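Please keep the sequence and the model in view while reading.

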Amino acid sequence: MIYRCVTNIRISAHFTHLRIDAILLDFSKAFDTVPHQWLLCKLNHYGVRGQVLNWITSFLAGRSQSVVCEGSASTAKRVISGVPQGTVLGPLLFLVYIIDLRSCVQSTPRLFADDCLLYRRINARSDCDILQNDLDRLQERAATWQMCFNPDKCEVLRVTRTTRNAIQ
């Protein structure tokens, strides 16, 4: 999905002689860090109630995990955060948890599972400043909700057809 968005940005910049700056962001341990109670509050806020909310609560509750090494298992520990990986519902629940990140930026965000693409058409230096401010706001909002970005997996992509009159 993110690849398709980046491809569309490249095509748009190529045919319109625009410059588009894009930032590809990756959440650190995204599926492991979602606090269950906060997720359930967000689901309720978005209108998920009654039997569906009860089912999701049950889906998340009562989970435990242990580590197996050379046939020996550690003592099981209760899981109080995270959405189950390898399930159909896991990525959807994570997206519900982070979807409000879109409301704190002026640039265009695209979310897919634990990836975020933030991009903006750059016509002037002020557009670069807006994109940087949006990135700062995303980082602050993510930290508020106990999320953080993995800098080693984040990339900046500048898409343009020309280098003449490039904005620095």
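I23 stands opposite L118 in β7. The model is predicted: local features need pLDDT of at least 70 and side-chain atom pairs count only at pLDDT 80 or more, while totals for chains, interfaces and linings use all residues. Residues are numbered from 1 along each chain as its sequence is written, and side-chain values use heavy atoms, with hydrogens and water left out.

**Overall composition**

- The protein chain has 5 helices and 8 strands; helices (H or I, at least four residues) and strands (E, at least two) are DSSP runs, numbered from the N terminus.
- Along the sequence, these elements follow the pattern α-β-α-α-β-β-β-β-α-β-β-α-β.
- Of the 168 residues, 40% count as buried, where buried means under 20% relative accessible area with a 1.4 Å probe, protein chains only.
- The chain exposes about 10500 Å², of which carbon and sulfur atoms supply 52%; accessible areas come from the Shrake-Rupley method with a 1.4 Å probe.

**The open sheet**

- An open sheet of 4 strands has the order β6-β7-β1-β8, with antiparallel pairing; two strands pair if DSSP finds at least two bridges between them.
- Its edge strands, β6 (108–112) and β8 (155–160), each pair on one side only.
- From one strand to the next, the twist averages 20 degrees.

**Strand β7 and its neighbours**

- Strand β7 (residues 115–121) is joined to β1 (residues 19–26) by 7 bridges, and the two run antiparallel.
- Within this pairing, L25 has C116 of β7 as its bridge partner.
- On β6, which is joined to β7 by 5 bridges, F112 has D115 as its bridge partner in β7.
- The hairpin of β6 and β7 has 2 residues between the strands, and A113 takes a positive phi near 50 degrees there.
- β7 is mostly covered, with 5 of its 7 residues buried.
- Helix α5 (residues 125–144) lies across β1 and β7 and runs at about 160 degrees to β7.

**Helices α2 and α4**

- The axes of α2 (residues 36–45) and α4 (residues 89–98) come within 9 Å and cross at roughly 75 degrees; axes are lines fitted to C-alpha atoms, for helices over the stretch in contact, and angles run from 0 to 180 degrees between N-to-C directions.
- W38, L39, K42 and L43 of α2 make the contact with L93, V96 and Y97 of α4, contact meaning heavy atoms within 4.5 Å.

Notes:
Buried < 20%, exposed > 50% of the residue type's maximum accessible area, 1.4 Å probe, protein only.
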